[in-house]
Amino acid sequence: MIEGGKKIWYFADGYLPEPKDNGKMVSHEALMIFNTSTVDVESIIDVYFSDKDPIKNIKITIPAERIISLRMDKPEDLNGAVIPVLTQYALRITSSRPVVCQFGRLDTT
């Protein structure tokens with residue numbers, strides 16, 4: 001079995017843009033996690049801020065040989081965790097097996 005990725009990922013430049021609707025696109029940030037393994041992977045997301053306590057232990061399951069996309073502005077994608085808009089934050093993702101992570105932003109402001 002070939003597994004790609006790492007067990008720990010960091011993204012230091014989170015900053016949710018205001019949710020402006022610019023026609024066909026709405027501002028947002030997303031975390032994509034790709035599980036190349038043939039078994040489900042458990043991941044934990046921790047969110048860190050410059051001026052408040054972190055949000056820790058957001059548990060996510062990534063099905064075998066699948067990719068998931070988590071919208072950072074949608075608490076339902078983060079097991080109810082709320083990341084405030086226009087607030088600097090950073091992410092740490094730890095996983096039970098190696099995964100590939102990517103962080104993206106669409107800012108229509």
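Select Ser-43 and Ser-95 to begin: their side chains are joined by a polar contact of 2.5 Å. Keep in mind as you go that this is a predicted model.

**Stop 1: around Ser-43**

Stay with Ser-43 and colour its strand, β5, which covers residues 41-49. Is Ser-43 buried or exposed? Its relative accessible area is 1%, so Ser-43 is buried, given that the cut-off for buried is under 20%. Now show what surrounds Ser-43, leaving aside residues within four places in sequence: it is in contact with Ile-58, Lys-59, Ile-60 and Ile-62, and also with Ile-93, Thr-94 and Ser-95.

**Stop 2: the whole chain**

Zoom out and switch to a cartoon view. How many helices and strands does the protein chain have? There are 0 helices and 8 strands, and reading along the sequence gives the pattern β-β-β-β-β-β-β-β. The radius of gyration is 14 Å, close to the 13 Å from the globule rule for 109 residues, so the chain is as compact as a globular protein of that length. Turn the model around and you can follow the C-alpha trace over spans of about 45 × 35 × 20 Å along its principal axes.

The accessible surface comes to about 6300 Å², and carbon and sulfur atoms make up 52% of it. Of the 109 residues, 37% count as buried. Among contacts with a separation of 6 or more, 73% are between residues 24 or more positions apart.

**Stop 3: the aromatic rings**

Select Trp-9, Phe-11, Tyr-89 and Phe-103, which form one aromatic cluster. A search of the whole structure finds 3 aromatic pairs. One of them is Trp-9 with Phe-11, a stacked pair with ring centres 6.4 Å apart and 5° between the planes. Both Trp-9 and Phe-11 are buried.

**Stop 4**

Pro-54 counts as partly exposed, at 34% relative accessibility. Which residues does Pro-54 touch, not counting those up to four places away in sequence? They are Val-47, Tyr-48 and Phe-49. Now draw a distance from the C-alpha of Pro-54 to the C-alpha of Glu-42: the two residues are 12 apart in sequence and 20 Å apart in space.

**Stop 5: two positive phi angles**

Finish in the loop between β7 (66-71) and β8 (88-106), where you will find Asn-79. Most residues other than glycine have a negative phi. Asn-79, which is not a glycine, has a positive phi near 50°. Asn-79 is also exposed, with a relative accessible area of 54%.

Last, select Leu-86, in the loop between β7 and β8. Leu-86 is not a glycine either, and its phi is positive, at about 55°. At 41% relative accessibility, Leu-86 counts as partly exposed.

Definitions and conventions
Residues numbered from 1 in each chain as written. Predicted model: local features only at pLDDT ≥ 70, side-chain atom pairs only at ≥ 80, totals over all residues. Heavy atoms only, no water. Phe/Tyr/Trp six-rings, centres within 6.5 Å; stacked < 30°, edge-to-face > 60°. Buried < 20%, exposed > 50% of the residue type's maximum accessible area, 1.4 Å probe, protein only. Helix = DSSP H or I, 4+ residues; strand = E, 2+ residues; numbered from the N terminus. Rg over C-alpha atoms; globule rule 2.2 N^0.38 Å. Contact = heavy atoms within 4.5 Å. Areas by Shrake-Rupley, 256 points an atom, 1.4 Å probe, with all protein chains shown as cover. Polar contact = N/O pair within 3.5 Å; in protein donor to acceptor, adjacent residues only side chain to side chain.
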